[in-house]
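This briefing goes through a few local features of one protein chain. Please look at the sequence and the structure first, then read the points below.

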Amino acid sequence: AFATSEVSLREHLSAQLPLTISDPGERLIGQYLIDLVDEAGYVTDALDQLSLKLGAPIEMIEGVLTKLQGFDPAGVFARSLAECLALQLKDQNRYDPMMAALLANLDLLAARNLNALRKAIGEALGAAVTLE
């Protein structure tokens, strides 16, 4: 009988790293970011501090983070609830201007301030429509 073991989130993410990133410097940053992911899948450390610690440009770290945010499970490597939900919605091809407006105003939803939420989403959609 084979002993089965559950794969940790860290192991699952580390297995995806070489399939996505081939540059050794970016891989090093990627592995460091993987090590920073908490049990909920979030990266809570400030990227500017990470830039100083690793001696890498912030643009490079942000670029690697963007690549990692495409990993499975959807939403991993987010820095906030809104970003996590946006990543998950993009993965399902459900991210649109209305969802973006809702996510930008999660505080109003949490406060159950539906009138202000309707107004904010309406204004955001009005601006999006006039830009198109």
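Just after helix 5, Asn93 has a positive phi of about 55°. The model is a predicted one.

**Helix 5 and helix 6**

- Helix 5 covers residues 81–91, and its buried residues are Glu83, Cys84, Ala86, Leu87 and Leu89.
- These buried residues of helix 5 pack against helix 6 (97–104).
- Ala100 lies in helix 6.
- Is Ala100 buried or partly exposed? Ala100 counts as partly exposed because its relative accessibility is 24%, while buried means under 20%.
- Ala100 and Ile121 are 21 residues apart in sequence, and their C-alpha atoms are 8.8 Å apart in space.

**Helix 1 and helix 2**

- Helix 1 (residues 9–20) packs with helix 2 at an angle of about 165°, and the axes are 10 Å apart.
- Helix 1 is therefore roughly antiparallel to helix 2, since angles over 145 degrees count as roughly antiparallel.
- The crossing of helix 1 past helix 2 is right-handed.
- On the side of helix 1, the contact is made by Arg10, Leu13, Ser14, Leu17 and Pro18. Helix 2 contributes Arg27, Gly30, Gln31, Ile34 and Asp35.
- Sorted by class, the contact of helix 1 with helix 2 has 4 nonpolar, 3 polar and 3 charged residues.
- An α-helix has 3.6 residues a turn, so residues three or four places apart point the same way.

**Glu26 in helix 2**

- Glu26 sits in helix 2, which runs over residues 24–36.
- Is Glu26 buried or exposed? With a relative accessible area of 18%, Glu26 is buried, because the cut-off for buried is under 20%.
- Apart from its neighbours within four places in sequence, Glu26 is in contact with Ile21, Met60, Val64 and Lys67.

**Helix 3 and helix 4**

- Helix 3 (residues 47–54) and helix 4 (residues 58–68) have axes that come within 9 Å and cross at roughly 115°.
- The crossing of these two helices, helix 3 and helix 4, is right-handed.
- Which residues make the contact between helix 3 and helix 4? They are Leu47, Asp48, Leu50 and Ser51 of helix 3, with Ile58, Ile61, Glu62 and Leu65 of helix 4.
- The residues in the contact of helix 3 with helix 4 are 5 nonpolar, 1 polar and 2 charged.

Technical notes
Residues numbered from 1 in each chain as written. Predicted model: local features only at pLDDT ≥ 70, side-chain atom pairs only at ≥ 80, totals over all residues. Heavy atoms only, no water. Helix = DSSP H or I, 4+ residues; strand = E, 2+ residues; numbered from the N terminus. Buried < 20%, exposed > 50% of the residue type's maximum accessible area, 1.4 Å probe, protein only. Contact = heavy atoms within 4.5 Å. Axes fitted to C-alpha atoms, helices over the stretch in contact; angles between N-to-C directions. Parallel < 35°, antiparallel > 145°, perpendicular 65-115°, else oblique. Left-handed = near helix turned anticlockwise from the far one by under 90°. Nonpolar A, V, L, I, M, F, W, Y, C, P; charged D, E, K, R; others polar.
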